[in-house]
Each structure stands twice: as structure tokens, then as C-alpha cells.
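Here is a protein model to read through in question and answer form. Each answer sets a value against its definition.

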Amino acid sequence: QVELVESGGGSAQAGGSLRLSCTVSGSFFSIQYMGWYRQGPGDQRVLVAHASRSGRTNYDDSVKGRFTISRDNAKNTVSLQMDSLKPEDTSVYYCNADIAIQSATHYVSKWGPGTQVTVSS
């Protein structure tokens with residue numbers, strides 16, 4: 001039973017920082033991509049940042065230069081360091097991972113439950 005456990009959500013003032021973490025637990029073969037998405041009320045879920053197992057990263061333009069994604073493969077964990085926060089960063093953030101569960105090469109997309117991030121001005 002594979003689960004994604006998120007932590008680090010909360011509130012911050014504009015210009016402040018938060019750090020989100022996500023850990024994959026359970027039985028599986030490997031993890032390909034890990035990343036974070038966000039979704040505001042009535043909006044579509046959009047990619048914030050993701051990282052490959054080798055450390056390749058990709059960021060949405062809205063967070064470039066402010067957010068940093070990193071992975072600890074030994075701990076099956078991905079983290080998102082969020083600096084210089086803006087009110088428009090307010091959203092529910094979801095951890096996502098492509099995980100080989102049924103076989104060594106069949107990857108499926110798994111989601112965390114979501115964690116609220118609120119940035120006040």
C-alpha cells in the first residue's frame with residue numbers, strides 16, 4: 001500500500017518562507033519523477049515544480065528564482081523550499097510521484113492529500 005505523506009503547510013507573510021516535504025511510504029520498485037502541484041478554488045491543478053531521480057528540475061515561471069525543489073532518494077522524499085512568498089502563492093499544494101508498483105517498469109501517478117499554504121499581505 002503506497003502512500004504520499006505531506007508536511008510543512010501553513011501560513012506566512014508576504015516575503016516569508018515555508019518548506020514543504022513529501023515522503024513516499026509502502027512497497028514499490030522505484031520512483032521516477034516527484035513534484036508539487038497547486039490548485040486554488042475553482043482552478044485547475046497546475047505544476048509548480050518537479051524533479052527527476054537524477055536531479056533534473058523544472059519550475060513554473062511564476063516561481064522561478066523563489067522556490068527550490070530537491071530530492072533525497074534514499075529517504076524517498078521530495079522537498080519544496082518556498083522563499084519570497086507572495087499572496088498569489090496561496091493555494092492547496094499536492095505532492096505527486098510517478099511510482100513503479102505493479103512491476104519494475106510500470107509507472108503510475110500517485111497523489112498526496114494536499115496541504116494548505118496561505119500567504120498574507
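**His-106 and the fold around it**

His-106 sits in the loop between β9 (91-100) and β10 (107-111). This is a predicted model: local features need pLDDT of at least 70, side-chain atom pairs count only at pLDDT 80 or more, and totals for chains, interfaces and linings use all residues. Residues are numbered from 1 along each chain as its sequence is written, and side-chain values use heavy atoms, leaving out hydrogens and water.

Q: Why is His-106 called partly exposed?
A: Buried means under 20% relative accessible area, exposed over 50%, and partly exposed in between (1.4 Å probe, protein chains only). His-106 has 42% relative accessibility, so it counts as partly exposed.

Q: Which residues is His-106 in contact with, leaving aside neighbours within four places in sequence?
A: Contact means heavy atoms within 4.5 Å. By that rule His-106 is in contact with Ile-99, Ala-100 and Ile-101.

Q: How many helices and strands does the protein have?
A: Helices (H or I, at least four residues) and strands (E, at least two) are DSSP runs, numbered from the N terminus. The protein has zero helices and 11 strands.

Q: What makes the protein as compact as a globular protein of that length?
A: The radius of gyration is taken over C-alpha atoms, and the globule rule is 2.2 Å times the number of residues to the power 0.38. For 121 residues the rule gives 14 Å; the radius of gyration of the protein is 14 Å, close to that value, so the protein is as compact as a globular protein of that length.
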